[in-house]
Amino acid sequence: MTDDRFDGLVTAHHGEIYRYLRRVTGRVSDADDLSQETFLRAFRALGSLPPEANVRAWLFAIATNLCRNHFRSETRRRRAYAAVGAEDRGGRDPGPEAETLFHEARDRVEAAVALLPLKQRMAFTLRKLHDLDYAAIGRMLQCSAESARAHVFQAFRKIRQTLNHLKTPCTEARR
Amino acid sequence: MKQMPQVCREIQEDLVATAVQEAGARARERVQDHVARCAPCRGEFERYRVLDETVGILKREPTPAVEMAARAELQVRLADLRSRLLTYRVFDSPLGRILIGRTEQGVSLVRFLGRGGVPRLPGLEAVRGGEEIRRLYRELLEYLQGRRTRLEWPLDLRLARSDFHRMVLELTARIPYGAVTSYANVARDLGRPSAVRAVAQALRANPVPIVIPCHRVVGADGDLTGYAGKRIGLKQRLLAVEGIQTVRKPGDLRVLREAMYVRDGHEPEYCVPTCGALPRRSLAELTLFASRERAESCGLRPCTTCRPDLHPLPR
């Protein structure tokens with residue numbers, strides 16, 4: 001692959017890889033580091049990539065792998081949980097009431113996603129926010145496609161439970 | 001919490017799957033049938049459906065502005081990585097395991113590996129390359145099979161150890177196919193006639209053997225002297241590819257001078273080795289050619305005294 005094609009790859013996929021990492025790590029600084037590392041690794045590994053490979057899934061796999069290594073440190077994991085919800089929210093305008101409720105629902109779901117265990121959070125984000133198929137997610141998380149699917153469903157149940165705990169489930173917001 | 005009826009428990013998984021758009025057609029139908037009749041499950045279905053909708057909002061959210069800053073920083077780091085990345089592959093060539101590596105500027109490493117691994121390369125980061133390196137190897141193979149006389153590769157001589165080494169290498173790169181000359185002659189051309197040993201050192205450290213044909217440089221008496229450590233057999237084979245014959249002598253090999261045409265210094269003519277106009281000189285000031293074609297392809301004319309065109313050497 002030529003350098004030009006790699007530039008094209010950055011243009012096409014950096015945004016979504018960044019969002020994925022931002023969502024899974026919960027921290028802008030981690031997303032900065034890990035997204036850069038993802039693409040630097042990809043650049044180094046280009047030569048070993050078969051020409052028919054799915055480049056997008058491959059990038060997500062590199063990002064996922066880096067993330068898992070990153071979270072192997074327990075302290076970091078705790079810090080990330082604590083940081084959840086703290087960033088990027090302060091500046092939002094309080095709109096009309098309906099919109100506020102709408103945003104609240106969104107924020108609560110986001111917070112609930114952030115509280116998921118890492119594997120479920122990854123599976124959920126890869127599937128529901130980035131539309132990857134279960135076989136690919138399974139390969140990234142080193143489990144079967146069935147387990148990947150189970151992680152996503154478990155994630156939905158956990159989110160639902162978390163929202164119940166908040167006493168005002170997101171469902172109420174839209175009624 | 002009341003015990004959920006059996007039928008509701010059984011349909012829970014499909015219910016969630018349907019609500020979050022992950023169910024197949026049959027499950028969907030069963031769930032729709034069920035929730036039409038069961039109010040608590042209808043409520044549950046609705047909650048999951050709304051949850052899925054909210055997730056859809058997260059999905060459609062624009063990429064945050066900080067992403068652009070991260071991308072700009074990535075571009076800077078990528079440029080740095082590109083400038084010091086060496087992509088390589090190792091091939092089982094007719095000359096044994098051989099490594100070919102290149103940077104974005106050009107081919108920078110050709111190494112006979114023997115049993116060794118990828119060498120340490122100061123200032124460079126080595127990673128496995130792909131098709132671009134295989135293409136180089138295919139050309140090298142054609143060269144070794146005698147089907148190609150030039151490897152017109154862009155070179156990156158940053159692995160040369162000094163500017164002097166680089167100068168020696170650049171000069172050596174000009175020795176034509178099918179010709180040999182001596183370390184002393186290279187030193188002379190360099191304007192440093194006494195630097196014979198330094199020239200030999202520079203060629204010993206040649207980072208791109210074959211491409212820069214250091215095998216075309218021999219001792220002043222025609223001895224092959226050395227190649228890639230002690231692999232003198234490789235030098236002999238590379239010379240043989242170009243039609244240059246060698247003979248054994250105790251402890252070494254020597255080019256068969258009697259079978260080669262001769263050019264004296266920078267004269268525009270070539271002679272047979274017995275030409276009377278040729279001063280009796282050591283190889284220190286001569287270049288030898290494997291054939292008339294090789295000499296003439298460098299623009300040389302037959303000597304008017306010995307007339308190698310009329311009295312060529314026996315093949």
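Between chain B and chain A, 10 salt bridges are counted, a salt bridge being a side-chain nitrogen of Lys or Arg within 4 Å of a carboxyl oxygen of Asp or Glu. The structure is a predicted model, in which local features need pLDDT of at least 70 and side-chain atom pairs count only at pLDDT 80 or more, whereas totals for chains, interfaces and linings use all residues. Residues are numbered from 1 along each chain as its sequence is written, chains are lettered from A and ligands numbered from 1 in the order in which they are written, and side-chain values use heavy atoms, with hydrogens and water left out.

Across the contact between the two chains, 15 residue pairs are in polar contact, both residues being at pLDDT 80 or more; a polar contact is a pair of N or O atoms within 3.5 Å, where within protein one must be able to donate a hydrogen and the other to accept it, and residues adjacent in sequence count only if both atoms are side-chain atoms. On the side of chain B that touches chain A, at least two residues each are supplied by α1 (6-19), α3 (39-60), α4 (66-84), β1 (85-93) and β4 (125-128) of chain B. Helices (H or I, at least four residues) and strands (E, at least two) are DSSP runs, numbered from the N terminus. The largest share of this side of chain B, 13 residues, comes from α3(B). Sorted by class, the side of chain B that touches chain A has 18 nonpolar, 5 polar and 18 charged residues; Ala, Val, Leu, Ile, Met, Phe, Trp, Tyr, Cys and Pro count as nonpolar, Asp, Glu, Lys and Arg as charged, and the others, Gly among them, as polar.

The contact, defined by heavy atoms within 4.5 Å, takes 43 residues from chain A and 41 residues from chain B. The size of an interface is often given as the accessible area lost when the parts come together. Here chain B and chain A bury about 4100 Å² between them, 60% of it on carbon and sulfur atoms, where buried area is the accessible area (1.4 Å probe) that two parts lose on being put together, summed over both.

Individual salt bridges can be followed between the chains. The side chains of A:Arg160 and B:Glu44 meet in a salt bridge with an N to O distance of 2.7 Å, and this pair crosses between chains, from helix α8 (residues 145-165) of chain A, which holds A:Arg160, to helix α3 of chain B, which holds B:Glu44. A:Arg160 counts as buried because its relative accessible area is 11%, and B:Glu44 is likewise buried, with a relative accessible area of 16%; buried means under 20% relative accessible area, exposed over 50%, and partly exposed in between (1.4 Å probe, protein chains only). Another salt bridge joins the side chains of A:Arg23 and B:Glu61, at 3.9 Å from N to O.

A:Leu40 lies in helix α2 of chain A and, at 3% relative accessibility, counts as buried. A:Thr38 lies in the helix α2 (residues 28-45) of chain A and, at 0% relative accessibility, counts as buried. With residues up to four places away in sequence left out, A:Thr38 touches A:Ile17, A:Leu21, A:Leu59, A:Ile62, A:Ala63 and A:Leu66.Chain A has 9 helices and 0 strands, and buried residues make up 49% of its 175 residues. Among the contacts in chain A with a separation of 6 or more, 66% involve residues 24 or more positions apart. Chain A exposes about 8300 Å², of which carbon and sulfur atoms supply 49%, with accessible areas taken from the Shrake-Rupley method with a 1.4 Å probe and, for residues, only the protein chains shown counting as cover.

Over all chains, a search of the whole structure finds 37 salt bridges. One of them is formed by the side chains of B:Asp223 and B:Arg254, at 2.9 Å from N to O.
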